[in-house]
Amino acid sequence: MIIMKISAIVSLFLVASGVTSHPTKPTTCKHPRIRKEWRTLTQHEKTAYFDAVLCLHSKPSILSDLVPSSLTHFEDFVAVHKLQTPYIHLCGHFLPWHRYLLWHYETTLREVCGYKGAQPYWDYTLDRANASLSPVILDFGDNGPKLPVGPPVPGYPNGTGGGCVQEGPFREGKFELHVAPRQETERKDRCLSRDINNQIAWDHATHEKVAKILEQPDFGWMTKTAEGLGDYPNLGIHNMAHYIISGTSGDTFDSNAEPLFYLHHGNLDRIWWTWQQANKKKRTFDVSGKIIPWANFGGDFSHLSKGNVTLDFEMNLGRLHGPIKVKDIMHTTGDYLCYEYE
Ligand SMILES: *[C@@H]1O[C@H](CO)[C@@H](O)[C@H](O)[C@H]1NC(C)=O
Ligand SMILES: *[C@@H]1O[C@H](CO)[C@@H](O)[C@H](O)[C@H]1NC(C)=O
Ligand SMILES: *[C@@H]1O[C@H](CO)[C@@H](O)[C@H](O)[C@H]1NC(C)=O
Ligand SMILES: [Cu+2]
């Protein structure tokens, strides 16, 4: 009787601890890629990163039959994000899906374009005082000439640019985009545009906003705080950073046609990672939140389950990669992913 009780207690304990015991298990990740803040990279490292992105943009598309406006391998990532936009934002797997996208983008830069480094990130809180002077944005080129473009969010002042980027590695004439805006899939040749909004940076690129995310007790509240609490376009830190740059970056569907997207999402992923690191046992495998997004981007959700995202939920990058399960990407130094933030 006593033995039975003990074994019942033990098995209860095992069920309760469940996957949370994974982080302490040895994993196959021995030499994690170290992701650094952009401004700490050497000039040599910065040039190597730009060369790799431009290389990716010179490789032919592998899915242009699906999205005719994707002409390059760089644009394939934009096409995949565009097609999945209604299903990967404002939902439980928002952070997992974007972590997976970043890992595969970083890996492709390395495998296809010989990049030796890791995906850098952009800590925009360092540029809050004047986003127009951000050394990160300026390394990626300028703002583009002033055009009559309204504010990205009602109630904010207009941005400071709006035209085609004229300087740097992604300037007009050197870096042409073919991928059409929003949900369109037909080819539309255009430039990369930016419309830096200093007021949005001042109001939202704050340490307080980051601290608010980090102090949330569980994944559900943490991700909602990061993404905005359901009242899109509420300026959660995720939307906010897109709108600091605006222009191409402000169009959710193909926001990753802006190379800075991957640095912004690197930072968002770092915030999630920092939150996980603060309580590895409890948080490394904590995931929840609805499968069906809490705001409609114009998708058909009839094929989706009404429940929450779990560790066994499947994600894919269309024809680029997958499917994998959410549990594969929860641990950044596990058996699938292998990176850390500096
Ligand atoms: C920010 O920098 C830009 C570019 O140098 C400048 O025109 C602007 O006045 C600065 N804004 C503030 C608030 O200092
Ligand atoms: C902001 O841009 C809009 C659209 O071009 C324009 O109508 C408006 O006058 C601008 N506002 C200011 C204060 O310049
Ligand atoms: C679904 O996710 C939400 C948000 O994380 C959470 O509050 C809720 O408890 C979850 N529901 C279930 C049944 O797990
Ligand atoms: Cu996205």
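**Ligand shell and disulfides**

Guide: By class, the shell around ligand 2 holds 2 nonpolar, 2 polar and no charged residues (Ala, Val, Leu, Ile, Met, Phe, Trp, Tyr, Cys and Pro count as nonpolar, Asp, Glu, Lys and Arg as charged, and the others, Gly among them, as polar). Some ground rules: this is a predicted model, where local features need pLDDT of at least 70 and side-chain atom pairs count only at pLDDT 80 or more, while totals for chains, interfaces and linings use all residues. Residues are numbered from 1 along each chain as its sequence is written, chains are lettered from A and ligands numbered from 1 in the order in which they are written, and side-chain values use heavy atoms, with hydrogens and water left out.

Visitor: Which residues are around ligand 2?

Guide: A residue goes on that list if one of its heavy atoms lies within 4 Å of the ligand. That gives P148, V149, G150 and N158.

Visitor: How far is an oxygen atom of ligand 2 from an N or O atom in the side chain of N158?

Guide: Polar contacts here are pairs of N or O atoms within 3.5 Å. On the backbone side, a polar atom of P148 sits 3.2 Å from a ligand 2 oxygen. For the side chain of N158, the distance to an oxygen of ligand 2 is 2.3 Å.

Visitor: How many disulfides does a search of the whole structure find?

Guide: The criterion is a pair of cysteine sulfur atoms within 2.5 Å. C29 and C338 qualify at 2.0 Å, C55 and C113 at 2.0 Å, and C164 and C191 at 2.1 Å. The search total is 3.

Visitor: What is the handedness of the C55 and C113 disulfide?

Guide: For comparison, the C29 and C338 link has 80° about the S-S bond and is right-handed. The torsion for C55 and C113 is about -80°, so this disulfide is left-handed.

Visitor: What pattern do the disulfides of the chain follow?

Guide: Count the bonded cysteines along the chain. C29 bonds with C338, C55 with C113 and C164 with C191. The pattern is 1-6, 2-3, 4-5.

Note on methods: Polar contact = N/O pair within 3.5 Å; in protein donor to acceptor, adjacent residues only side chain to side chain.
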